[in-house]
Amino acid sequence: MTFTNLKIIEPILKALEAEGYTHPTPIQEQAIPVLLQGKDLLGCAQTGTGKTAAFAVPILQHLYLDKRRNGGPRKIRALVVTPTRELAIQIADSFKTYGKFTGIKNTVIYGGVKQGAQTQALREGTDVLTATPGRLLDLMGQGFVSLKDIEYFVLDEADRMLDMGFIHDIRKIIAQLPLKRQSLFFSATMPPDILDLSRRILGNPEKVIVNPEQTTAEKVEQSVYFVSRKGKPKLLVHLLKTEPFDSALIFSRTKHGANKIVKFLEKAGIDATAIHGNKSQGARQQALGNFKSGITNVLIATDIAARGIDVEELSHVINYDLPNIPETYVHRIGRTGRASAGGIALSFCDVEEKEYLSDIQKLIHKKIPVVSEHPFLFDFDDDRPETQAKLQKPLQLHKTGNGGNGRSSNDRRKYRSWAGKRY
Ligand code: AMP
């Protein structure tokens, strides 16, 4: 199957070729024909499966073919609503990339920054608008955005929208959309509240559920380290100093925790940056840019800040804290193993998180292999004073000059043997 088989028009084919896309991913193969026929779509797919192109390409194609017939001033005809600023920026970039030979204009709006540049772009006119919910409603309220000409509506990462408390915003947005439209609804998971929301949005009864070929949980090599809360910093420093990795995204449950991790890593001679909602948009973009370009290779993030991060070749995800919502674990480890590549996910589990671990294992229908030998292993049942004393030992720091890991090899076999040898 090629993109030509999918009846993609020349200007878009040319852009996909320029990106080096030779074959559609499974979601693209299934979704594009349905969308080109104008049907609604319920997509059960995670980020990393190629879902952005699966919706952006058909929308661009519809708009392009229509544009040639219509002419006239630009109106917002396609709206993509997505939970985070990072994701919004990435989606807008994708529209720009795939649509670069179509003359279709796209604009992105998100909160946390001054609105001037965004309202100026809106005044100049756009065909496609990608937005986070809060800023969209804000600019609608101020009269900068009208949804009355929307023909294509995409709700992206619906499950995360709900997790982030956007349900009321989403309802308000839907209420403003024209009834006659094509609607696309994407979510990595489909619990009952998400299905209920999808029913409100997808008017057209023809829906298609697209599942990724392989789930994240199958694709990503996972392991868990039992460790005490106090042992976690030592274990993290130990892993970052001794094991080969290209880039590691480390998850912390809280912003405060993320800052603490940065501090102790810096003390240990490891360059690290945190990205979370307390940082300014500029600081977040810079941290993300440095990480993507390889200037820094350790990034600490909270779940909300990390949601849209798309870093190709991200080798490791480290769950410094296990999430209490099992779906979040799947979202987190999905940061590695983008498109078809595999990745490695390591999780630290302290005694209080054992319950979270079992919820996660239930969700992914899989037991995560336990690393049975590591210097900070904590046997939850071993509360002998000598074990406890060992765990309280101060951290031995030995500085390295290059940010701690000292390797830039792409050799995935090394990761495999690393992850494999301790099981
Ligand atoms: P997404 O799930 O949309 O975030 O896409 C995940 C990654 O896959 C992005 O880095 C895309 O650039 C890449 N990608 C999407 N479609 C294809 C394709 N057909 N061939 C190769 N890479 C792709």
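A residue is called buried under 20% relative accessible area, exposed over 50% and partly exposed in between, with a 1.4 Å probe and protein chains only. Isoleucine 170 has 1% relative accessibility, so it counts as buried. This is a predicted model: local features need pLDDT of at least 70, side-chain atom pairs count only at pLDDT 80 or more, and totals for chains, interfaces and linings use all residues. Residues are numbered from 1 along each chain as its sequence is written, and side-chain values use heavy atoms, with hydrogens and water left out.

Isoleucine 170 sits in helix 8. Helices here are DSSP runs of H or I with at least four residues, strands are E runs of at least two, and both are numbered from the N terminus. Helix 8 spans residues 167-175, and Asp169, Ile170, Ile173 and Ile174 are buried in it. Viewed down the helix axis, these buried residues fall within an arc of 135°, taken from the directions from the axis to the C-beta atoms, so they line one face. His168 and Ala175 are exposed on the face turned away from that buried side.

What does isoleucine 170 touch? Beyond neighbours within four places in sequence, its contacts (heavy atoms within 4.5 Å) are Val81, Pro133, Leu155, Met161 and Leu197. Proline 133 is 37 residues away along the chain, yet the two C-alpha atoms are separated by 6.8 Å.

Now the largest nonpolar core. Such a core is a set of buried Ala, Val, Leu, Ile, Met, Phe, Trp, Tyr and Cys residues joined through side-chain atoms within 4.5 Å. The largest has 35 residues, of which Ile8, Phe55, Val57, Ile59 and Phe95 touch the most other members. Helix 3 gives the largest share, 9 residues. Apart from this core lies another of 31 residues, including Val81, Phe166, Ile170 and Leu197.
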